[in-house]
Amino acid sequence: MEKVDLILPKDFPTLKNDAFLCACRGQETSHVPVWCMRQAGRYLPEFRESRAGKDFFDTCRSPEACCELTLQPIRRFPFDAAIIFSDILVIPQAMGMDVQMLSGKGPTFPEPLKEPEDLLLLQPKVDVNKELGYVFKAITLTRHKLEGKVPLIGFTGAPWTLMAYMIEGGGSTTHSKAKRWLYRHSEASHKLLRMLTDVIVDYLLGQVAAGAQALQVFESHAGCLGPVEFKEFSLPYLRDIARRVKDQLKESGQDVPMIVFAKDGHYGLEDLSQSYYDVVGLDWTIDPRSARERTGGKVSLQGNMDPCALYAPKERISEIVKRMLEGFGTRGYIANLGHGLYPDMDPENVGAFVEAVHTHSRNILNHKSEETQTAGSDVSYCTHNGGVENLSVADSLRSLRRNHDGKVREPITRLSLPNMSLGLNQPPLRQHKHSPVLPMGSRPHPPSIFQQANSAALASQALSVSISGWFSQE
Ligand SMILES: Cc1c2[nH]c(c1CCC(=O)O)Cc1[nH]c(c(CCC(=O)O)c1C)Cc1[nH]c(c(CCC(=O)O)c1C)Cc1[nH]c(c(C)c1CCC(=O)O)C2
């Protein structure tokens, strides 16, 4: 038996920094958490040294190597999350396809799928423990070796992105071969997407059983689909994955935050925010405020600095980060890039990005807690003993904050404005007689109530706090 087989997914060290998990759930944090897609990558000299002369997928199959590569960026930078080193293309491999990583060319399938008959060549049922057990071992080992420093994210490619690779046989600018299937062989496309979805669900559940504390689904090729094709060939499978994973985890009393990142999939933003995911990842082509408006507090957001901004001098990076934080607000937000780091990026600038997120977000949060005046309007709130009191918005928010800090014992259950009601952390105990109420656990209805709440949130950053608190409780 190998040494790594003796390391079990139990007795994990206590988590010391839960900022990332809290932000996924829309809960208050003392700073905005940050990590970078491809943080374990070739921009780090120690990564290049570890990977030198070794085959990429051999590295993926070594739990010790994956663990080491995952930990490298965590040793160097105060990231708030680690992501397991692996690749999305291990799934096509598990289904029986040959995939190689060729230097200068990237992922390559010597025998891609050409016609629908080729689906018969794929394994119809994949035993993920047998085929992808090496990823689970890597996760378990890494979770132990992280010593509770930060949470560990597991991930998968989404069905459409994997299908595109399996048909294109590698990277592509047009994805015309894969899109040909969508328009010409739509039934076979759905069959393949369903097969992939089934494997992905088992794979993600296996990652959680092994110790993953959050899951990200990469729909990296969303951008080459139009809104109609996205709705038919991507969204239903993304939804199905989150629903099935969440349902099965719930049965064992677990709740693991799930992030969906559909690169360049602007048209899908509203739908994605109502697709069982806790967090929607954004690329840099979306304006933070408009993303907040369009997702209306239903999910936390992650992203979205242009990776190329890391080529800027450090002072400029700091300014860009500050503007991004002001756009997203500090609650229900995870700072990241809008896509992965590139190999030629300077690690020092990555450090400057992380530091800027921590420093600016702490400043914003400290400033907020010192605020004495916000909008002048009065609000009412109900306390757990049923009392209704009138307070200024600023007073209410101060009370709320104290409550979140754990210093005020009396939980505020509901913050009401004349035409709306914003839920907070506790179930509503009493309804203010003048305010329409959103039943606990329901989607806002009618939508106008939600829109009003959302405008108020935009007008006062602090108010958005309570909106995301409400919806993340669903
Ligand atoms: C599309 C995709 C792939 N892989 C992945 C995606 C989805 C994210 C995205 O949109 O970029 C996901 C991925 N790949 C890798 C990770 C590790 C975790 C992390 O983000 O740090 C993750 C999350 C390691 C890797 N995967 C790969 C590298 C670089 C190659 C190496 O280490 O030798 C790394 C660090 C290789 C890879 N694997 C893939 C590509 C396109 C490449 C790059 C090829 C190249 O640039 O030559 C497929």
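## A walk through the predicted model

Leu235 belongs to helix H11, which covers residues 227–251; helices (H or I, at least four residues) and strands (E, at least two) are DSSP runs, numbered from the N terminus. The structure is a predicted model, in which local features need pLDDT of at least 70 and side-chain atom pairs count only at pLDDT 80 or more, while totals for chains, interfaces and linings use all residues. Residues are numbered from 1 along each chain as its sequence is written, and side-chain values use heavy atoms, with hydrogens and water left out.

Is Leu235 buried or exposed? With a relative accessibility of 4%, Leu235 counts as buried, a word that stands for under 20% relative accessible area, with exposed meaning over 50% and partly exposed in between (1.4 Å probe, protein chains only).

After H8 comes Gly169, with a positive phi near 80°.

A further pair of residues can be traced from helix H10. This helix takes in residues 186–210 and contains Ala210, which is buried at 3% relative accessibility. Between Ala210 and Ala138 there are 8.6 Å in space, C-alpha to C-alpha, and the two are 72 residues apart in sequence. For Arg61 and Phe77, the separation is 16 residues in sequence and 26 Å in space, again C-alpha to C-alpha. Arg61 is placed in the loop between helix H3 (56–60) and helix H4 (63–76), and its relative accessibility of 39% makes it partly exposed.

Where does the ligand sit? The ligand is in the largest pocket. On a 1 Å grid over the protein atoms alone, a pocket is an open set of points with protein on both sides within 12 Å along at least five of seven lines, whereas a cavity is a set of points where a 1.4 Å probe fits but cannot get out; lining residues have an atom within 4 Å of a point. A molecule sits in a cavity or pocket if more than half of its atoms lie within 2 Å of its grid points. Helix H2 (45–51) and strand S3 (106–108) are the elements that give two or more residues to the shell around the ligand.

That shell has 23 residues, of which the closest are Arg38, Arg51, Asp87, Ser220 and His339; a residue is near a molecule if one of its heavy atoms lies within 4 Å of it. By type, the shell holds 13 nonpolar, six polar and four charged residues. Here Ala, Val, Leu, Ile, Met, Phe, Trp, Tyr, Cys and Pro count as nonpolar, Asp, Glu, Lys and Arg as charged, and the others, Gly among them, as polar.

Some distances to oxygen atoms of the ligand can be given. A polar side-chain atom of Arg51 is 2.7 Å from a ligand oxygen. For Ala40, a backbone N or O atom lies 2.9 Å from an oxygen atom of the ligand, and for Gln39 the corresponding distance from a backbone N or O atom is 3.2 Å. The protein covers 87% of the 870 Å² of accessible area that the ligand has on its own, with areas taken from the Shrake-Rupley method with a 1.4 Å probe; for residues, only the protein chains shown count as cover.

Some backbone angles also deserve a look. Most residues other than glycine have a negative phi, and most peptide bonds are trans. Arg38 has a positive phi, near 60°. It is in the loop between helix H1 (19–24) and H2, and is exposed at 53% relative accessibility.

Asp264 has a positive phi as well, near 65°, and lies in the loop between strand S6 (258–262) and helix H12 (269–272). Asp264 is partly exposed, at 29% relative accessible area. Lys263 is found in the loop between S6 and H12 and is buried, at 10%. The side chains of Lys263 and Asp264 make a polar contact at 3.0 Å. A polar contact is a pair of N or O atoms within 3.5 Å; within protein, one must be able to donate a hydrogen and the other to accept it, and residues adjacent in sequence count only if both atoms are side-chain atoms.

Finally, the peptide bond from Gly303 to Asn304 is cis, with omega near -15°. Asn304 is part of strand S8, residues 300–305.
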